[in-house]
Amino acid sequence: MLCKSAIGATGTLDMPLADRLDRSTAPAPRILQRRSTRGNIAAPRNLERMSLLSELKRRNVYRVAALYIIVGWVVLQVVDLFTSFMPLPEWTSQLVFVLLVAGFPVSLVLAWAIELTPEGLRLDAPVDRSPTSRRRSDLLLVGGVGVVLGIGIWNLVGGSVGESVEVRSIVVLPLDNLMNDPEQAYFVEGMHEALITELSKVEALRVISRTSAMKYLDSDKSVPEIGQELGVDAVLEGSVLRAGETVRVTAQLIEAATDRHIWADNFDRELTDILALYAEVTREIVDRIRIEVTPEQAARLATTAPVDPEAYELYLRGTFLCEKWAPQEMLDGIEHLRRAVAADPEYALAHAGLAICLQYAAFFDYIPPIEILREAMAAANRAVELDRDLTDAWVAFAGVRYYLDFDFAASELALERALSLNPSHVGALTHFSWQLGEAGRTKPAVEAARKAIALDPLTTGTRTTLAQALYLGGDFVAAKDAYEVMVDLDPTDPSGHYYLGWALEQTGGVGAAVTSLETAVELSGREPLYLSGLGRLLGVAGRLDEARAIQEEIQALERNGLADPIHVALVHLGLRNDVEAIDWLEKAYDTRNSHLLYIKQGAQFDPLRGDPRFEALIRRMGW
């Protein structure tokens with residue numbers, strides 16, 4: 001076989017033997033020898049390389065590699081989608097990526113060793129395919145890989161740089177409750193409030209208050225419509241999912257005018273580390289919106305501390321109930337906050353929440369102020385001691401000092417400290433406006449109220465603040481207009497009709513004022529505050545029999561501990577029993593009733609001005 005092959009190769013089958021021998025031993029030309037020498041070294045290597053590449057192509061190793069990249073990318077996208085609404089660990093995506101990388105060489109080895117044929121999987125069995133079919137599939141695979149690489153490059157380069165936008169105002173819409181459990185509403189609303197509070201620490205950013213943002217719960221309005229109504233540059237949407245002690249927040253930032261997505265991400269934390277979650281979301285947003293953050297603000301955003309899960313849960317439940325403003329809900333909220341303080345005595349926010357809830361419950365006459373004064377003072381003091389950089393602690397301190405102890409100087413200093421920490425804190429702004437207005441400092445009171453409205457434009461609280469500042473400053477027409485806006489926002493709120501009656505009385509509409517107070521009494525279920533206001537107006541209107549009937553009802557409630565001396569004083573004031581009115585006002589001072597703060601500027605007390613006892617009471621209060 002070897003001899004036959006050699007003879008055939010030289011083409012000398014018929015030559016004489018001698019000639020063949022002579023020719024076989026003749027020296028080759030030098031240049032041919034050189035080429036032959038080089039060829040003997042390089043040709044096998046090139047042939048081996050070409051053979052390997054051809055074999056890789058024949059065995060579809062390239063195709064498998066390309067297909068693996070495409071499928072792997074799809075798998076990662078699916079995993080990312082599922083982790084956005086399932087309580088999977090934070091490292092799930094990283095684990096899947098590592099497994100995919102580890103599986104890549106395995107897939108190449110299998111592609112080399114195994115072929116898919118019409119008869120099934122076989123070892124090293126080439127499959128015949130038409131050139132057209134092969135080229136078409138190759139183009140599809142190359143295109144798929146190109147798309148995947150293009151998206152990856154965009155996310156790494158263009159996505160991170162190009163999506164940064166300039167934002168100066170933002171609203172955080174109500175978070176979706178992915179637990180589908182109404183009992184978890186307190187938890188979702190608490191996280192909503194916490195995110196807003198954290199963002200509002202950035203002084204250059206106007207953040208809409210939660211009470212206004214809640215108006216868009218279950219709303220079908222588009223992002224551009226919401227942005228236009230609130231006058232904001234961006235909208236933050238998100239959802240909350242909780243599984244045991246693990247919490248996941250999904251957030252996406254959207255440009256309001258264009259409805260263009262700027263940024264989105266998932267954040268997972270244990271409940272003990274929940275404050276770090278709020279700070280991380282805020283830092284991510286700040287990085288995306290090109291806004292200046294002072295070193296002090298950056299330090300506050302970076303400072304977090306672990307929380308006790310039980311205390312945090314109780315705090316969220318307590319504040320959720322207190323913000324319902326109804327008697328039983330507020331009393332239940334106070335109990336939850338007391339338990340939160342007991343669960344973690346070092347939790348400053350729980351102490352502040354307890355002090356604020358106690359103060360408001362006393363303001364609405366749900367509990368006697370004198371009975372909770374000491375507890376509220378202790379809670380507010382402790383909150384400030386535990387965290388002197390906590391805005392809510394200073395707001396609580398100011399509220400207790402002002403409304404329950406009539407300590408105006410301490411309260412004003414505390415509010416100035418609160419606003420230096422967070423100039424966008426709606427609670428601090430409204431408290432400041434109330435205190436300034438009740439002291440007769442109308443201009444700064446109106447300015448503070450307007451700032452609060454810019455942050456919380458859709459709720460009655462800030463509208464009341466502005467209307468009260470105008471009323472106490474003597475601008476009754478503007479106050480009436482502002483109170484009417486308040487009533488339009490929430491016709492079911494008795495306080496709106498109550499305060500509107502004040503302004504109507506001063507603009508000459510005593511009959512309309514009585515009607516407004518009658519509505520307040522009906523809506524409230526005859527709460528003493530509104531009932532006494534109606535009794536006073538009936539006396540002013542000359543409907544004395546009706547006023548005296550309410551006077552008897554109020555005094556009976558007071559004897560049973562269900563009404564305060566100031567309620568009795570108001571009806572006497574309407575009946576022009578001035579001596580008795582001042583007697584009961586002095587008793588109201590002893591019980592620390594918050595409504596006594598209106599006596600310096602309130603027009604309803606004008607009939608008593610000039611009376612030495614009344615003027616002495618004003619001085620006694622500290623003005």
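## A first look at this structure

Threonine 430 is buried, with a relative accessible area of 8% (buried means under 20%, exposed over 50%, partly exposed in between, using a 1.4 Å probe and protein chains only). Welcome to a predicted model, where local features need pLDDT of at least 70, side-chain atom pairs count only at pLDDT 80 or more, and totals for chains, interfaces and linings use all residues. Residues are numbered from 1 along each chain as its sequence is written, and side-chain values use heavy atoms, leaving out hydrogens and water.

**Around threonine 430**

- Threonine 430 sits in helix α18 (residues 426–438); helices here are DSSP runs of H or I with at least four residues, numbered from the N terminus.
- A polar atom of the threonine 430 side chain lies 3.0 Å from the backbone oxygen of glycine 427.
- Beyond its neighbours within four places in sequence, threonine 430 is in contact with Ala452, Thr462 and Thr465 (contact means heavy atoms within 4.5 Å).

**The disulfide**

- A search of the whole structure finds 1 disulfide, counted as a pair of cysteine sulfur atoms within 2.5 Å.
- Cysteine 322 is joined to cysteine 357, with 1.8 Å from S to S.
- This pair links distant parts of the chain, 35 residues apart: cysteine 322 belongs to helix α12 (residues 309–322) and cysteine 357 to helix α14 (residues 348–363).
- The link of cysteine 322 and cysteine 357 is left-handed, with -95 degrees about the S-S bond.
- Both cysteine 322 and cysteine 357 are buried.

**Valine 75**

- Valine 75 has its place in helix α4 (residues 61–83).
- Valine 75 counts as partly exposed, at 31% relative accessibility.

How values were computed. Helices (H or I, at least four residues) and strands (E, at least two) are DSSP runs, numbered from the N terminus. A polar contact is a pair of N or O atoms within 3.5 Å; within protein, one must be able to donate a hydrogen and the other to accept it, and residues adjacent in sequence count only if both atoms are side-chain atoms.
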